[in-house]
Amino acid sequence: PGYYEDVKRSEVVAIKFQDRFGKEQTLKTDGLLAIAIQHENDHLDGHLFIEKIGFNKRKKFDKEYKKQKKEKAS
């Protein structure tokens, strides 16, 4: 909570899925919807955004996280 970083994502995605009737569909999209699809797919696969940021940003996150944890314990 309270920590944000940009995550590199594809600008365009194409996905295959089944609609609510079980019919296979294909969607190719870009922009915010493409970002949202990738974000939600990460959740379904059990990934967190900190796994997708670089080493230096990850170290920064770890430092901030430990600081917040320490402050809450006080």
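**Labels and their grounds**

Modeller: Let me begin with Phe-61, which counts as buried at 14% relative accessibility. Keep in mind that this is a predicted model.

Colleague: Why is Phe-61 called buried?

Modeller: Its relative accessibility is 14%. Buried means under 20%. So Phe-61 counts as buried.

Colleague: What makes the pair of Phe-61 and Tyr-65 stacked?

Modeller: The ring centres are 5.9 Å apart, and pairing needs them within 6.5 Å. The planes stand at 25°, and under 30 degrees counts as stacked. Therefore the pair is stacked.

Colleague: Where do Phe-61 and Tyr-65 lie?

Modeller: Both are in helix α2. They are four residues apart, about one turn of the helix.

Colleague: How do you know that Tyr-65 is partly exposed?

Modeller: Its relative accessible area is 44%.

Colleague: How many aromatic pairs does a search of the whole structure find?

Modeller: Two. One of them joins Phe-49 and Phe-61, with 6.3 Å centre to centre and 80° between the planes.

Colleague: Why is the pair of Phe-49 and Phe-61 called edge-to-face?

Modeller: The angle is 80°. Over 60 counts as edge-to-face, so the label holds for Phe-49 and Phe-61.

Colleague: What does the pair of Phe-49 and Phe-61 tie together?

Modeller: Phe-49 is in the loop between α1 and α2 (55-73), while Phe-61 is in helix α2. So the pair ties together parts that are 12 residues apart in sequence. Phe-49 itself is partly exposed, at 29% relative accessible area. Phe-49, Phe-61 and Tyr-65 form one aromatic cluster.

Colleague: Now to Asp-42 in helix α1 (residues 31-44). Why is Asp-42 called buried?

Modeller: Its relative accessible area is 11%. The cut-off is under 20%, so Asp-42 is buried.

Colleague: What makes the link between the side chains of Asp-42 and Arg-9 a polar contact?

Modeller: The distance is 2.8 Å. Leaving aside neighbours within four places in sequence, Asp-42 is in contact with Arg-9, His-47 and Lys-52.

Terms used:
Residues are numbered from 1 along each chain as its sequence is written. This is a predicted model: local features need pLDDT of at least 70, side-chain atom pairs count only at pLDDT 80 or more; totals for chains, interfaces and linings use all residues. Side-chain values use heavy atoms; hydrogens and water are left out. Helices (H or I, at least four residues) and strands (E, at least two) are DSSP runs, numbered from the N terminus. Buried means under 20% relative accessible area, exposed over 50%, partly exposed in between (1.4 Å probe, protein chains only). A polar contact is a pair of N or O atoms within 3.5 Å; within protein, one must be able to donate a hydrogen and the other to accept it, and residues adjacent in sequence count only if both atoms are side-chain atoms. Contact means heavy atoms within 4.5 Å. Rings of Phe, Tyr and Trp (its six-membered ring) pair if their centres lie within 6.5 Å; planes under 30 degrees apart count as stacked, over 60 as edge-to-face and the rest as tilted.
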